[in-house]
Amino acid sequence: SWGLSPSDLLAGGNPIANSEAAMPFIFMWHERARVKNRSILCFLDNTSALFSYVSGCSGNQHIERSIQLFYLSCFNAQAECWFEFVPSGQNWSDGISRVGLNDSFAITEGFSPRVVEVPASLYSVGIQEAFRLLSVAA
């Protein structure tokens with residue numbers, strides 16, 4: 001729940017910035033073999049997540065950890081990354097983040113979306129242990 005209690009979520013709390021900030025790292029985790037020695041261009045439509053990636057830090061501990069894991073993954077892959085803003089209306093992944101695997105745009109364009117996971121322990125161990133785990137996985 002990205003730092004929100006069940007009562008926070010029931011009251012309408014929305015962890016969108018936290019979950020959108022996690023996406024670049026989740027991409028790096030699942031595509032780590034393909035991104036070695038490459039340049040990566042990430043489009044983000046969430047300004048909080050975008051500014052946190054550009055500055056390399058966040059006041060939100062969950063966003064901060066996603067940023068740390070992302071940049072550690074880039075280091076392991078010797079990949080460089082660039083970030084750009086994209087308005088939500090022009091972001092083809094916006095629909096899938098809202099309606100899931102049945103997004104009409106993704107289906108029409110022939111995308112093959114899938115549910116993916118990362119080890120939850122990466123978000124709870126110390127940064128040195130996270131770096132070790134990411135290095136072993138690389």
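## Overall architecture

Helices and strands are here taken as DSSP runs, a helix having at least four residues and a strand at least two, and they are numbered from the N terminus. In this predicted model, the elements of the protein chain follow one another from the N terminus in the order α-α-β-α-α-β-α-α-α, and the secondary structure comes to seven helices and two strands. The radius of gyration of the protein chain is 15 Å, close to the 14 Å that the globule rule gives for 138 residues, so the chain is as compact as a globular protein of that length. Along its principal axes, the C-alpha trace spans about 40 × 40 × 25 Å.

## The largest pocket

Rolling a probe the size of a water molecule over the atoms shows where empty space is left. The largest pocket holds about 1,400 Å³ of space. It is lined by 32 residues, and those closest to its centre are Met23, Phe27, Trp92, Ser93 and Ile96. Two or more lining residues come from each of the elements α2 (16-30), β1 (39-44) and α5 (93-99).

Helix α2 gives the largest share of this lining, with eight residues. When the lining of the largest pocket is sorted by class, 19 residues are nonpolar, eight are polar and five are charged.

## The largest cavity

The count of cavities of 30 Å³ or more comes to one, and about 90 Å³ of space lies in the largest cavity. The residues that line this cavity are Met28, Trp29, Arg32, Lys36, Ser73, Asn76, Ala77, Leu134, Ala137 and Ala138. The elements that each give two or more residues to the lining of the largest cavity are α2, α4 (61-77) and α7 (127-137).

Helix α4 provides the largest share of the cavity lining, namely three residues. By class, the lining of the largest cavity consists of six nonpolar, two polar and two charged residues.

## A nonpolar surface patch

On the surface, Leu41, Phe43 and Trp82 form a nonpolar patch, and together these residues have about 370 Å² of accessible area.

Note on methods: Residues numbered from 1 in each chain as written. Predicted model: local features only at pLDDT ≥ 70, side-chain atom pairs only at ≥ 80, totals over all residues. Heavy atoms only, no water. 1 Å grid on protein atoms, 1.4 Å probe; cavity = no way out; pocket = protein on both sides within 12 Å on 5 of 7 lines; lining within 4 Å. Points joined across faces, edges and corners; volume = space filled by probe spheres on them. Nonpolar A, V, L, I, M, F, W, Y, C, P; charged D, E, K, R; others polar. Patch = residues over 30% accessible without salt bridge, like charges linked within 9 Å, V, L, I, M, F, W, Y side chains within 5 Å. Areas by Shrake-Rupley, 256 points an atom, 1.4 Å probe, with all protein chains shown as cover. Salt bridge = Lys/Arg side-chain N within 4 Å of Asp/Glu carboxyl O. Rg over C-alpha atoms; globule rule 2.2 N^0.38 Å.
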